[in-house]
Amino acid sequence: MLLNLHIVNMALIDELDIDFTDGLNILTGETGAGKSIIVGSIGIGLGGKFDAALLRNPETDGLVELLFSINGEAKKALEELEIPGLEDGEVLISRRLSNGRTINRINDSTVPLAKLKAAAQHLINLHAQHESRTLMKASRHLEIVDQYMASAITPMKEKVAADYKAYRETLQELEEMMSDEAERAKRLDFISFEIQEIEEAALKPGEDDELELLYKKESNAGNIAEITGQVYGMTGYDENSSAGSQLASVVHELQSLQRYDDSETAKQLLQQAQDIDSLLNDLNRAISDYQADMEFDPSDLVRTEERLNLINSLKMKYGKSIGEIQDNLSELKVEQEKLLSFDEIKAKLTAARDEIFGKLTQDAEKLTRARKKSAKALCAEITKSLESLNFNQVQFDMEFEESDSFTANGRDNAYFMISTNVGEAMRPLMDVASGGELSRVMLAIKASVTETGESPTLVFDEIDVGISGITAERVGAMMQKLSESHQIISITHLAQIAAKADTSFVIEKKVVADKTNTNIRRLDQEGRLEEIGRLLGGDHVTDAVLASAKEMLARAK
(Lines give C-alpha, C1' and ligand atoms only; values in the text may rest on other atoms or scores of the structure.)
Protein backbone atom coordinates (compact mmCIF):
# COMPACT_ATOMS: atom_id res chain seq x y z
CA MET A 1 0.00 0.00 0.00
CA LEU A 2 0.97 3.66 -0.34
CA LEU A 3 2.47 4.76 2.96
CA ASN A 4 3.56 8.29 2.16
CA LEU A 5 3.35 10.94 -0.55
CA HIS A 6 6.06 13.61 -0.45
CA ILE A 7 5.75 16.69 -2.70
CA VAL A 8 8.23 19.55 -3.05
CA ASN A 9 7.85 22.77 -5.09
CA MET A 10 4.71 21.88 -7.03
CA ALA A 11 2.04 24.47 -7.97
CA LEU A 12 0.85 25.97 -4.64
CA ILE A 13 2.86 23.50 -2.55
CA ASP A 14 6.23 24.36 -1.03
CA GLU A 15 6.60 20.99 0.69
CA LEU A 16 3.97 18.49 1.75
CA ASP A 17 3.92 15.06 3.40
CA ILE A 18 0.84 12.83 3.50
CA ASP A 19 0.85 9.60 5.51
CA PHE A 20 -1.88 7.28 4.24
CA THR A 21 -3.37 4.30 6.05
CA ASP A 22 -4.88 1.07 4.87
CA GLY A 23 -8.61 0.90 4.19
CA LEU A 24 -10.50 3.87 2.77
CA ASN A 25 -8.62 7.20 2.70
CA ILE A 26 -10.88 10.14 1.79
CA LEU A 27 -9.61 13.58 0.74
CA THR A 28 -12.01 16.53 0.73
CA GLY A 29 -11.67 20.27 0.36
CA GLU A 30 -13.21 23.32 -1.22
CA THR A 31 -13.06 23.84 -4.97
CA GLY A 32 -9.65 25.23 -5.93
CA ALA A 33 -7.99 24.13 -2.70
CA GLY A 34 -5.53 21.97 -4.57
CA LYS A 35 -7.05 18.48 -4.64
CA SER A 36 -6.05 18.08 -8.30
CA ILE A 37 -2.45 18.88 -7.34
CA ILE A 38 -2.40 15.91 -4.96
CA VAL A 39 -3.75 13.47 -7.54
CA GLY A 40 -1.61 15.02 -10.27
CA SER A 41 1.48 14.53 -8.12
CA ILE A 42 0.62 10.86 -7.67
CA GLY A 43 0.28 10.61 -11.46
CA ILE A 44 3.71 12.21 -11.89
CA GLY A 45 5.17 9.77 -9.40
CA LEU A 46 3.77 6.91 -11.47
CA GLY A 47 5.57 8.17 -14.58
CA GLY A 48 3.31 10.95 -15.85
CA LYS A 49 4.57 14.05 -17.61
CA PHE A 50 6.75 16.19 -15.34
CA ASP A 51 6.75 19.69 -16.81
CA ALA A 52 8.73 22.70 -15.59
CA ALA A 53 5.50 24.72 -15.80
CA LEU A 54 4.29 22.76 -12.74
CA LEU A 55 7.07 24.09 -10.52
CA ARG A 56 6.20 26.77 -8.00
CA ASN A 57 9.73 28.17 -8.07
CA PRO A 58 11.37 27.52 -11.47
CA GLU A 59 14.81 28.03 -9.91
CA THR A 60 14.34 25.11 -7.50
CA ASP A 61 14.03 21.37 -8.09
CA GLY A 62 10.60 19.77 -8.09
CA LEU A 63 10.23 16.41 -6.32
CA VAL A 64 7.55 13.73 -5.98
CA GLU A 65 8.17 10.63 -3.85
CA LEU A 66 5.86 7.66 -3.25
CA LEU A 67 6.71 5.23 -0.46
CA PHE A 68 5.00 1.82 -0.62
CA SER A 69 4.96 -1.24 1.57
CA ILE A 70 4.87 -4.44 -0.47
CA ASN A 71 4.34 -8.17 -0.05
CA GLY A 72 2.93 -11.15 -1.90
CA GLU A 73 2.26 -10.77 -5.62
CA ALA A 74 3.45 -7.17 -5.81
CA LYS A 75 6.84 -8.08 -4.34
CA LYS A 76 7.17 -11.06 -6.66
CA ALA A 77 6.34 -8.89 -9.69
CA LEU A 78 8.98 -6.30 -8.69
CA GLU A 79 11.57 -9.02 -8.15
CA GLU A 80 10.92 -10.22 -11.71
CA LEU A 81 11.57 -6.64 -12.88
CA GLU A 82 14.88 -6.79 -10.95
CA ILE A 83 13.97 -3.83 -8.74
CA PRO A 84 16.74 -3.44 -6.11
CA GLY A 85 16.38 -3.05 -2.34
CA LEU A 86 13.19 -5.04 -1.70
CA GLU A 87 14.52 -6.82 1.37
CA ASP A 88 12.78 -4.57 3.90
CA GLY A 89 9.41 -4.79 2.14
CA GLU A 90 9.34 -1.13 1.08
CA VAL A 91 9.68 0.62 -2.27
CA LEU A 92 10.47 4.31 -2.72
CA ILE A 93 9.64 5.75 -6.14
CA SER A 94 11.19 9.17 -6.70
CA ARG A 95 10.99 11.63 -9.59
CA ARG A 96 13.01 14.84 -9.46
CA LEU A 97 12.85 17.64 -12.05
CA SER A 98 16.16 19.49 -12.06
CA ASN A 99 17.35 21.94 -14.73
CA GLY A 100 14.75 20.67 -17.18
CA ARG A 101 15.81 17.04 -16.72
CA THR A 102 13.78 14.39 -14.91
CA ILE A 103 15.66 11.89 -12.74
CA ASN A 104 13.77 8.66 -12.04
CA ARG A 105 14.75 6.49 -9.08
CA ILE A 106 13.50 3.39 -7.33
CA ASN A 107 15.07 2.71 -3.94
CA ASP A 108 17.88 5.19 -4.70
CA SER A 109 18.79 3.46 -7.97
CA THR A 110 18.36 5.45 -11.18
CA VAL A 111 16.04 3.63 -13.60
CA PRO A 112 14.59 4.33 -17.08
CA LEU A 113 11.10 5.78 -17.14
CA ALA A 114 9.73 2.63 -18.76
CA LYS A 115 10.96 0.51 -15.86
CA LEU A 116 9.49 2.93 -13.32
CA LYS A 117 6.11 2.73 -15.05
CA ALA A 118 6.30 -1.06 -15.20
CA ALA A 119 6.98 -1.21 -11.46
CA ALA A 120 4.26 1.33 -10.60
CA GLN A 121 1.51 -0.61 -12.31
CA HIS A 122 2.01 -3.43 -9.80
CA LEU A 123 1.65 -1.04 -6.87
CA ILE A 124 -1.12 1.43 -7.62
CA ASN A 125 -3.98 2.09 -10.05
CA LEU A 126 -4.96 5.70 -10.65
CA HIS A 127 -8.52 6.42 -11.79
CA ALA A 128 -8.34 10.05 -12.84
CA GLN A 129 -11.36 12.16 -13.75
CA HIS A 130 -10.99 11.47 -17.46
CA GLU A 131 -10.67 7.69 -17.21
CA SER A 132 -14.42 7.03 -17.26
CA ARG A 133 -14.42 8.62 -20.70
CA THR A 134 -12.16 5.81 -21.92
CA LEU A 135 -15.26 3.60 -21.72
CA MET A 136 -16.42 5.50 -24.81
CA LYS A 137 -13.79 3.53 -26.74
CA ALA A 138 -14.85 -0.01 -27.64
CA SER A 139 -11.21 -1.15 -27.74
CA ARG A 140 -10.99 -0.41 -23.99
CA HIS A 141 -13.89 -2.81 -23.35
CA LEU A 142 -11.99 -5.77 -24.77
CA GLU A 143 -8.92 -4.83 -22.71
CA ILE A 144 -11.06 -5.00 -19.55
CA VAL A 145 -12.35 -8.46 -20.46
CA ASP A 146 -8.78 -9.65 -21.12
CA GLN A 147 -7.66 -8.23 -17.80
CA TYR A 148 -10.46 -9.95 -15.90
CA MET A 149 -9.11 -13.44 -16.66
CA ALA A 150 -5.57 -12.37 -17.49
CA SER A 151 -3.89 -15.58 -16.27
CA ALA A 152 -5.84 -17.62 -18.83
CA ILE A 153 -6.19 -15.10 -21.65
CA THR A 154 -2.71 -13.52 -21.74
CA PRO A 155 -0.91 -16.75 -22.89
CA MET A 156 -3.55 -17.16 -25.62
CA LYS A 157 -3.06 -13.56 -26.76
CA GLU A 158 0.69 -14.10 -26.93
CA LYS A 159 0.19 -17.22 -29.04
CA VAL A 160 -2.16 -15.40 -31.44
CA ALA A 161 0.28 -12.49 -31.71
CA ALA A 162 3.12 -14.91 -32.57
CA ASP A 163 0.91 -16.70 -35.15
CA TYR A 164 -0.06 -13.38 -36.72
CA LYS A 165 3.56 -12.24 -36.94
CA ALA A 166 4.59 -15.50 -38.65
CA TYR A 167 1.59 -15.28 -40.99
CA ARG A 168 2.35 -11.70 -42.00
CA GLU A 169 6.02 -12.49 -42.64
CA THR A 170 5.17 -15.52 -44.80
CA LEU A 171 2.46 -13.61 -46.65
CA GLN A 172 4.81 -10.71 -47.33
CA GLU A 173 7.51 -13.04 -48.66
CA LEU A 174 5.00 -14.75 -50.93
CA GLU A 175 3.60 -11.44 -52.17
CA GLU A 176 7.08 -10.19 -52.97
CA MET A 177 7.76 -13.34 -54.98
CA MET A 178 4.55 -12.94 -56.94
CA SER A 179 4.76 -9.19 -57.43
CA ASP A 180 6.44 -9.18 -60.86
CA GLU A 181 7.10 -12.32 -62.87
CA ALA A 182 8.85 -10.38 -65.66
CA GLU A 183 11.14 -8.74 -63.11
CA ARG A 184 12.02 -12.17 -61.71
CA ALA A 185 13.04 -13.44 -65.16
CA LYS A 186 15.04 -10.28 -65.80
CA ARG A 187 16.79 -10.64 -62.49
CA LEU A 188 17.58 -14.29 -63.21
CA ASP A 189 19.22 -13.39 -66.53
CA PHE A 190 21.28 -10.68 -64.91
CA ILE A 191 22.41 -12.91 -62.04
CA SER A 192 23.35 -15.70 -64.45
CA PHE A 193 25.50 -13.27 -66.44
CA GLU A 194 27.27 -12.09 -63.27
CA ILE A 195 27.91 -15.66 -62.11
CA GLN A 196 29.32 -16.59 -65.52
CA GLU A 197 31.54 -13.49 -65.56
CA ILE A 198 33.05 -14.32 -62.17
CA GLU A 199 33.44 -18.04 -62.79
CA GLU A 200 35.11 -17.56 -66.19
CA ALA A 201 37.72 -15.37 -64.52
CA ALA A 202 38.80 -18.44 -62.47
CA LEU A 203 40.18 -16.27 -59.68
CA LYS A 204 42.65 -17.67 -57.19
CA PRO A 205 43.18 -16.40 -53.65
CA GLY A 206 46.16 -14.00 -53.51
CA GLU A 207 46.45 -13.91 -57.27
CA ASP A 208 45.99 -10.14 -57.46
CA ASP A 209 48.89 -9.47 -55.07
CA GLU A 210 51.20 -11.77 -57.02
CA LEU A 211 50.24 -10.14 -60.31
CA GLU A 212 50.89 -6.67 -58.92
CA LEU A 213 54.46 -7.72 -58.02
CA LEU A 214 54.98 -9.39 -61.40
CA TYR A 215 53.65 -6.38 -63.28
CA LYS A 216 56.05 -4.12 -61.41
CA LYS A 217 59.00 -6.32 -62.41
CA GLU A 218 57.94 -6.71 -66.02
CA SER A 219 57.26 -3.02 -66.53
CA ASN A 220 60.71 -2.20 -65.10
CA ALA A 221 62.64 -4.94 -66.93
CA GLY A 222 65.03 -2.42 -68.57
CA ASN A 223 66.00 -0.79 -65.29
CA ILE A 224 66.45 -4.19 -63.65
CA ALA A 225 68.71 -5.39 -66.48
CA GLU A 226 70.83 -2.23 -66.33
CA ILE A 227 71.30 -2.39 -62.56
CA THR A 228 72.05 -6.11 -62.40
CA GLY A 229 74.49 -5.80 -65.33
CA GLN A 230 76.46 -3.13 -63.52
CA VAL A 231 76.47 -5.09 -60.28
CA TYR A 232 77.53 -8.26 -62.11
CA GLY A 233 80.46 -6.43 -63.66
CA MET A 234 81.45 -4.82 -60.37
CA THR A 235 81.47 -8.16 -58.52
CA GLY A 236 82.97 -10.25 -61.36
CA TYR A 237 86.50 -11.23 -62.43
CA ASP A 238 86.58 -10.02 -66.03
CA GLU A 239 87.88 -6.54 -65.32
CA ASN A 240 91.01 -5.72 -63.35
CA SER A 241 89.08 -3.05 -61.45
CA SER A 242 86.17 -5.36 -60.51
CA ALA A 243 85.79 -6.53 -56.94
CA GLY A 244 86.38 -10.18 -57.91
CA SER A 245 89.70 -9.43 -59.60
CA GLN A 246 90.81 -7.19 -56.75
CA LEU A 247 89.88 -9.76 -54.17
CA ALA A 248 91.71 -12.50 -56.13
CA SER A 249 94.83 -10.33 -55.93
CA VAL A 250 94.32 -9.96 -52.19
CA VAL A 251 94.17 -13.75 -51.78
CA HIS A 252 97.29 -14.17 -53.89
CA GLU A 253 99.27 -11.68 -51.82
CA LEU A 254 98.14 -13.22 -48.51
CA GLN A 255 99.21 -16.63 -49.83
CA SER A 256 102.64 -15.14 -50.48
CA LEU A 257 102.64 -13.84 -46.91
CA GLN A 258 102.55 -17.42 -45.66
CA ARG A 259 106.14 -17.95 -46.89
CA TYR A 260 107.34 -15.31 -44.47
CA ASP A 261 104.94 -15.70 -41.54
CA ASP A 262 103.64 -18.98 -40.21
CA SER A 263 101.70 -17.30 -37.41
CA GLU A 264 98.09 -18.02 -36.68
CA THR A 265 97.17 -14.42 -37.44
CA ALA A 266 98.55 -14.63 -40.96
CA LYS A 267 96.63 -17.84 -41.56
CA GLN A 268 93.39 -16.23 -40.30
CA LEU A 269 93.83 -13.28 -42.64
CA LEU A 270 94.20 -15.63 -45.59
CA GLN A 271 91.19 -17.66 -44.55
CA GLN A 272 89.04 -14.54 -44.19
CA ALA A 273 90.09 -13.31 -47.63
CA GLN A 274 89.29 -16.72 -49.16
CA ASP A 275 85.88 -16.75 -47.42
CA ILE A 276 85.08 -13.30 -48.76
CA ASP A 277 86.17 -14.37 -52.20
CA SER A 278 83.89 -17.38 -52.00
CA LEU A 279 80.93 -15.24 -50.87
CA LEU A 280 81.58 -12.70 -53.62
CA ASN A 281 81.72 -15.51 -56.14
CA ASP A 282 78.37 -16.81 -54.87
CA LEU A 283 76.90 -13.31 -55.12
CA ASN A 284 78.16 -12.95 -58.66
CA ARG A 285 76.56 -16.27 -59.71
CA ALA A 286 73.29 -15.33 -57.94
CA ILE A 287 73.18 -12.05 -59.85
CA SER A 288 73.72 -13.97 -63.06
CA ASP A 289 70.81 -16.30 -62.23
CA TYR A 290 68.62 -13.31 -61.29
CA GLN A 291 69.42 -11.71 -64.65
CA ALA A 292 68.32 -14.86 -66.42
CA ASP A 293 65.06 -14.94 -64.51
CA MET A 294 64.36 -11.29 -65.27
CA GLU A 295 64.38 -11.80 -69.01
CA PHE A 296 60.77 -11.06 -70.07
CA ASP A 297 59.05 -11.34 -73.39
CA PRO A 298 57.09 -8.11 -74.13
CA SER A 299 53.97 -10.22 -74.56
CA ASP A 300 54.28 -11.33 -70.89
CA LEU A 301 53.74 -7.75 -69.78
CA VAL A 302 50.64 -7.46 -71.99
CA ARG A 303 49.15 -10.66 -70.55
CA THR A 304 49.87 -9.58 -66.95
CA GLU A 305 48.34 -6.16 -67.53
CA GLU A 306 45.23 -7.66 -69.11
CA ARG A 307 44.77 -10.07 -66.20
CA LEU A 308 45.14 -7.29 -63.65
CA ASN A 309 42.64 -5.15 -65.53
CA LEU A 310 40.14 -8.03 -65.49
CA ILE A 311 40.54 -8.58 -61.75
CA ASN A 312 40.25 -4.87 -60.99
CA SER A 313 37.10 -4.57 -63.10
CA LEU A 314 35.56 -7.46 -61.14
CA LYS A 315 36.55 -5.76 -57.89
CA MET A 316 34.68 -2.63 -58.97
CA LYS A 317 31.52 -4.70 -59.51
CA TYR A 318 31.59 -7.41 -56.88
CA GLY A 319 33.94 -6.58 -54.01
CA LYS A 320 37.13 -4.92 -52.87
CA SER A 321 39.09 -8.18 -52.78
CA ILE A 322 39.10 -11.61 -54.40
CA GLY A 323 37.67 -12.97 -51.14
CA GLU A 324 34.72 -10.56 -51.30
CA ILE A 325 34.17 -11.42 -54.97
CA GLN A 326 34.00 -15.11 -54.08
CA ASP A 327 31.55 -14.37 -51.25
CA ASN A 328 29.41 -12.36 -53.65
CA LEU A 329 29.49 -15.27 -56.08
CA SER A 330 28.15 -17.59 -53.37
CA GLU A 331 25.31 -15.18 -52.59
CA LEU A 332 24.47 -14.83 -56.26
CA LYS A 333 24.30 -18.60 -56.64
CA VAL A 334 21.93 -18.85 -53.67
CA GLU A 335 19.67 -16.21 -55.22
CA GLN A 336 19.92 -17.91 -58.61
CA GLU A 337 18.89 -21.21 -57.07
CA LYS A 338 15.97 -19.52 -55.38
CA LEU A 339 14.82 -17.93 -58.62
CA LEU A 340 15.30 -21.17 -60.53
CA SER A 341 13.30 -22.96 -57.84
CA PHE A 342 10.53 -20.37 -57.94
CA ASP A 343 7.66 -22.77 -58.43
CA GLU A 344 8.92 -25.11 -55.72
CA ILE A 345 9.50 -22.30 -53.23
CA LYS A 346 6.16 -20.72 -54.11
CA ALA A 347 4.42 -24.00 -53.39
CA LYS A 348 6.24 -24.37 -50.05
CA LEU A 349 5.47 -20.80 -49.03
CA THR A 350 1.83 -21.20 -50.02
CA ALA A 351 1.59 -24.38 -47.98
CA ALA A 352 3.34 -22.67 -45.04
CA ARG A 353 1.01 -19.68 -45.30
CA ASP A 354 -2.07 -21.90 -45.31
CA GLU A 355 -0.74 -23.94 -42.39
CA ILE A 356 0.06 -20.84 -40.31
CA PHE A 357 -3.29 -19.27 -41.22
CA GLY A 358 -5.03 -22.42 -40.03
CA LYS A 359 -3.12 -22.30 -36.76
CA LEU A 360 -3.85 -18.57 -36.41
CA THR A 361 -7.55 -19.22 -37.01
CA GLN A 362 -7.61 -22.06 -34.50
CA ASP A 363 -5.75 -20.12 -31.79
CA ALA A 364 -7.88 -17.01 -32.41
CA GLU A 365 -11.05 -19.09 -32.01
CA LYS A 366 -9.75 -20.41 -28.69
CA LEU A 367 -9.02 -16.82 -27.64
CA THR A 368 -12.54 -15.76 -28.65
CA ARG A 369 -14.08 -18.59 -26.62
CA ALA A 370 -11.96 -17.64 -23.60
CA ARG A 371 -12.94 -13.99 -23.99
CA LYS A 372 -16.63 -14.83 -24.21
CA LYS A 373 -16.32 -16.93 -21.07
CA SER A 374 -14.50 -14.08 -19.33
CA ALA A 375 -17.06 -11.55 -20.59
CA LYS A 376 -19.99 -13.63 -19.34
CA ALA A 377 -18.54 -13.90 -15.84
CA LEU A 378 -17.41 -10.27 -15.78
CA CYS A 379 -20.74 -8.89 -16.99
CA ALA A 380 -22.53 -10.91 -14.31
CA GLU A 381 -20.22 -9.38 -11.69
CA ILE A 382 -20.65 -5.88 -13.10
CA THR A 383 -24.44 -6.30 -13.18
CA LYS A 384 -24.46 -7.14 -9.47
CA SER A 385 -22.23 -4.17 -8.72
CA LEU A 386 -24.42 -1.83 -10.81
CA GLU A 387 -27.52 -2.99 -8.97
CA SER A 388 -25.86 -2.16 -5.69
CA LEU A 389 -25.00 1.26 -7.18
CA ASN A 390 -28.71 2.07 -7.65
CA PHE A 391 -29.12 0.89 -11.24
CA ASN A 392 -32.57 -0.69 -10.95
CA GLN A 393 -33.14 -3.80 -13.09
CA VAL A 394 -30.07 -2.99 -15.13
CA GLN A 395 -28.94 -5.27 -17.92
CA PHE A 396 -25.25 -5.43 -18.80
CA ASP A 397 -23.65 -7.66 -21.38
CA MET A 398 -20.99 -7.75 -24.10
CA GLU A 399 -21.56 -7.98 -27.83
CA PHE A 400 -18.96 -9.83 -29.91
CA GLU A 401 -18.42 -9.28 -33.63
CA GLU A 402 -15.95 -11.03 -35.87
CA SER A 403 -13.65 -8.76 -37.85
CA ASP A 404 -13.08 -9.41 -41.55
CA SER A 405 -9.36 -9.74 -40.95
CA PHE A 406 -6.94 -10.72 -38.22
CA THR A 407 -4.73 -8.49 -36.10
CA ALA A 408 -2.12 -9.37 -33.51
CA ASN A 409 -4.99 -9.18 -30.98
CA GLY A 410 -7.12 -11.77 -32.76
CA ARG A 411 -10.32 -11.25 -34.66
CA ASP A 412 -12.64 -9.87 -32.01
CA ASN A 413 -14.49 -6.59 -31.98
CA ALA A 414 -16.39 -6.38 -28.71
CA TYR A 415 -18.19 -3.73 -26.71
CA PHE A 416 -20.33 -3.52 -23.60
CA MET A 417 -24.11 -3.29 -23.92
CA ILE A 418 -26.38 -1.77 -21.27
CA SER A 419 -30.02 -1.10 -20.55
CA THR A 420 -30.63 1.13 -17.53
CA ASN A 421 -34.42 1.26 -17.71
CA VAL A 422 -37.09 -1.43 -17.79
CA GLY A 423 -38.43 -2.02 -21.27
CA GLU A 424 -35.51 -0.40 -23.05
CA ALA A 425 -33.48 -2.44 -25.50
CA MET A 426 -29.79 -2.93 -24.76
CA ARG A 427 -27.56 -0.51 -26.60
CA PRO A 428 -23.80 0.06 -26.77
CA LEU A 429 -22.51 1.60 -23.54
CA MET A 430 -20.74 4.44 -25.38
CA ASP A 431 -24.04 5.49 -26.99
CA VAL A 432 -26.30 5.74 -23.96
CA ALA A 433 -24.41 6.29 -20.70
CA SER A 434 -24.24 9.74 -19.11
CA GLY A 435 -21.19 11.07 -17.30
CA GLY A 436 -22.50 10.00 -13.90
CA GLU A 437 -23.47 6.59 -15.21
CA LEU A 438 -20.04 6.10 -16.76
CA SER A 439 -18.42 6.84 -13.41
CA ARG A 440 -20.56 4.23 -11.69
CA VAL A 441 -19.94 1.69 -14.47
CA MET A 442 -16.20 2.28 -14.12
CA LEU A 443 -16.44 1.79 -10.36
CA ALA A 444 -18.37 -1.43 -10.91
CA ILE A 445 -15.68 -2.57 -13.33
CA LYS A 446 -12.96 -1.70 -10.84
CA ALA A 447 -14.82 -3.58 -8.13
CA SER A 448 -14.97 -6.65 -10.36
CA VAL A 449 -11.55 -6.58 -11.96
CA THR A 450 -9.66 -5.79 -8.76
CA GLU A 451 -10.83 -9.05 -7.29
CA THR A 452 -8.71 -10.81 -9.92
CA GLY A 453 -5.46 -9.34 -8.57
CA GLU A 454 -5.18 -5.75 -9.81
CA SER A 455 -2.93 -3.24 -8.02
CA PRO A 456 -3.21 -3.30 -4.20
CA THR A 457 -3.79 0.50 -4.05
CA LEU A 458 -6.60 2.22 -5.97
CA VAL A 459 -6.85 5.99 -6.37
CA PHE A 460 -10.15 7.58 -7.39
CA ASP A 461 -10.29 11.22 -8.42
CA GLU A 462 -13.90 12.39 -8.07
CA ILE A 463 -15.53 9.17 -9.22
CA ASP A 464 -18.70 10.61 -7.63
CA VAL A 465 -19.19 13.12 -10.47
CA GLY A 466 -22.82 13.46 -11.56
CA ILE A 467 -24.35 11.54 -8.63
CA SER A 468 -26.05 12.39 -5.33
CA GLY A 469 -28.48 11.09 -2.74
CA ILE A 470 -28.96 7.35 -2.37
CA THR A 471 -26.70 6.69 -5.36
CA ALA A 472 -23.86 8.48 -3.61
CA GLU A 473 -24.57 6.41 -0.51
CA ARG A 474 -24.23 3.22 -2.53
CA VAL A 475 -21.07 4.38 -4.28
CA GLY A 476 -19.57 5.01 -0.86
CA ALA A 477 -20.67 1.59 0.32
CA MET A 478 -19.00 -0.09 -2.65
CA MET A 479 -15.78 1.82 -2.09
CA GLN A 480 -15.97 0.83 1.56
CA LYS A 481 -16.32 -2.82 0.55
CA LEU A 482 -13.42 -2.51 -1.89
CA SER A 483 -11.30 -1.10 0.91
CA GLU A 484 -11.58 -4.41 2.78
CA SER A 485 -9.16 -5.95 0.26
CA HIS A 486 -7.46 -2.87 -1.20
CA GLN A 487 -6.14 0.43 0.01
CA ILE A 488 -8.44 3.11 -1.44
CA ILE A 489 -7.49 6.77 -1.81
CA SER A 490 -10.31 8.95 -3.08
CA ILE A 491 -11.15 12.61 -3.56
CA THR A 492 -14.83 13.42 -3.14
CA HIS A 493 -17.27 16.33 -2.79
CA LEU A 494 -20.04 14.19 -1.31
CA ALA A 495 -20.72 13.78 2.37
CA GLN A 496 -22.23 10.31 1.85
CA ILE A 497 -18.89 9.04 0.54
CA ALA A 498 -16.69 11.03 2.91
CA ALA A 499 -18.57 9.55 5.87
CA LYS A 500 -17.42 6.03 4.89
CA ALA A 501 -13.73 6.90 5.36
CA ASP A 502 -11.39 5.00 7.66
CA THR A 503 -9.06 8.00 7.48
CA SER A 504 -10.06 11.51 6.45
CA PHE A 505 -7.95 14.38 5.17
CA VAL A 506 -8.91 17.93 4.31
CA ILE A 507 -7.04 19.93 1.68
CA GLU A 508 -6.91 23.65 2.38
CA LYS A 509 -5.60 26.75 0.65
CA LYS A 510 -4.36 29.52 2.92
CA VAL A 511 -2.60 32.85 2.47
CA VAL A 512 0.37 33.31 4.80
CA ALA A 513 2.64 36.38 4.50
CA ASP A 514 1.14 37.30 1.11
CA LYS A 515 1.79 33.80 -0.20
CA THR A 516 -0.86 31.22 -1.06
CA ASN A 517 -0.14 27.67 0.10
CA THR A 518 -1.95 24.37 -0.30
CA ASN A 519 -1.80 22.17 2.78
CA ILE A 520 -3.38 18.94 3.98
CA ARG A 521 -4.21 17.74 7.45
CA ARG A 522 -5.54 14.53 8.85
CA LEU A 523 -8.88 14.93 10.64
CA ASP A 524 -9.77 13.64 14.06
CA GLN A 525 -13.36 12.67 14.89
CA GLU A 526 -14.39 16.23 15.61
CA GLY A 527 -12.71 17.47 12.45
CA ARG A 528 -14.51 14.81 10.43
CA LEU A 529 -17.84 15.93 11.87
CA GLU A 530 -17.14 19.54 10.91
CA GLU A 531 -16.03 18.57 7.39
CA ILE A 532 -19.08 16.38 6.79
CA GLY A 533 -21.15 19.31 8.00
CA ARG A 534 -19.44 21.62 5.53
CA LEU A 535 -20.09 19.18 2.70
CA LEU A 536 -23.76 19.03 3.68
CA GLY A 537 -24.40 22.67 4.50
CA GLY A 538 -21.74 24.66 2.72
CA ASP A 539 -21.26 28.06 4.38
CA HIS A 540 -24.26 27.53 6.69
CA VAL A 541 -23.33 24.70 9.04
CA THR A 542 -26.17 24.78 11.55
CA ASP A 543 -26.76 22.54 14.53
CA ALA A 544 -29.24 20.60 12.43
CA VAL A 545 -26.63 20.08 9.74
CA LEU A 546 -24.10 18.91 12.34
CA ALA A 547 -26.71 16.53 13.74
CA SER A 548 -27.22 15.11 10.27
CA ALA A 549 -23.46 14.79 9.83
CA LYS A 550 -23.15 13.00 13.15
CA GLU A 551 -25.91 10.60 12.19
CA MET A 552 -24.28 9.97 8.81
CA LEU A 553 -20.94 9.15 10.45
CA ALA A 554 -22.60 6.82 12.93
CA ARG A 555 -24.51 5.03 10.16
CA ALA A 556 -21.35 4.65 8.08
CA LYS A 557 -19.48 3.20 11.04
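**Entry 1: ground rules.** I take helices (H or I, at least four residues) and strands (E, at least two) as DSSP runs, numbered from the N terminus. The model is predicted, so I note that local features need pLDDT of at least 70 and side-chain atom pairs count only at pLDDT 80 or more, while totals for chains, interfaces and linings use all residues. Residues are numbered from 1 along each chain as its sequence is written, and side-chain values use heavy atoms, with hydrogens and water left out.

**Entry 2: the cavity.** On a 1 Å grid over the protein atoms alone, a cavity is a set of points where a 1.4 Å probe fits but cannot get out; a pocket is an open set with protein on both sides within 12 Å along at least five of seven lines; lining residues have an atom within 4 Å of a point. Grid points join across faces, edges and corners, and a volume is the space filled by probe spheres set on the points. I get one cavity of 30 Å³ or more by this rule. The largest cavity has a volume of about 40 Å³. Its lining is I26, T28, A498, S504, F505, L523, R528, E531 and I532. Two or more of these residues come from each of β3 (24–29), β14 (503–512) and α18 (525–537). Which element gives the most to this lining? I found that α18 does, with three residues. I sorted the lining into five nonpolar, two polar and two charged residues. Here Ala, Val, Leu, Ile, Met, Phe, Trp, Tyr, Cys and Pro count as nonpolar, Asp, Glu, Lys and Arg as charged, and the others, Gly among them, as polar.

Entry 3: I moved to the second largest pocket, with a volume of about 270 Å³. I listed its lining: E173, E176, M177, S179, D180, E183, R184, R187, E335, K338, L339 and F342. Helices α5 (150–178), α6 (181–201) and α12 each give two or more residues. I counted eight charged, three nonpolar and one polar in this lining.

**Entry 4: α12 with α11.** Two packed helices are described by the angle between their axes and the distance between the axes. Axes are lines fitted to C-alpha atoms, for helices over the stretch in contact, and angles run from 0 to 180 degrees between N-to-C directions. I read about 55° and 9 Å between the axes for α11 (residues 298–318) and α12 (residues 322–340). That makes α11 oblique to α12. Under 35 degrees is roughly parallel, over 145 roughly antiparallel, 65 to 115 roughly perpendicular, and the rest oblique. The crossing is left-handed: the near helix is turned anticlockwise from the far one by less than a right angle, whereas clockwise is right-handed. In contact (heavy atoms within 4.5 Å), I311, L314, K315 and Y318 of α11 meet I322, E324, I325 and N328 of α12. I sorted them into five nonpolar, one polar and two charged.

**Entry 5: α11 with α7.** Helix α7 (residues 207–219) packs on α11 at about 145°, with axes 10 Å apart. I noted another left-handed crossing. Residues including L211, L214 and Y215 in α7 meet residues including L308, I311 and K315 in α11. The contact splits into six nonpolar, two polar and eight charged.

**Entry 6: α4 with α5.** I read about 115° and 6 Å between the axes for α4 (residues 138–148) and α5. V145, D146, Q147 and Y148 of α4 meet A150, I153 and K157 of α5. I counted four nonpolar, one polar and two charged here.
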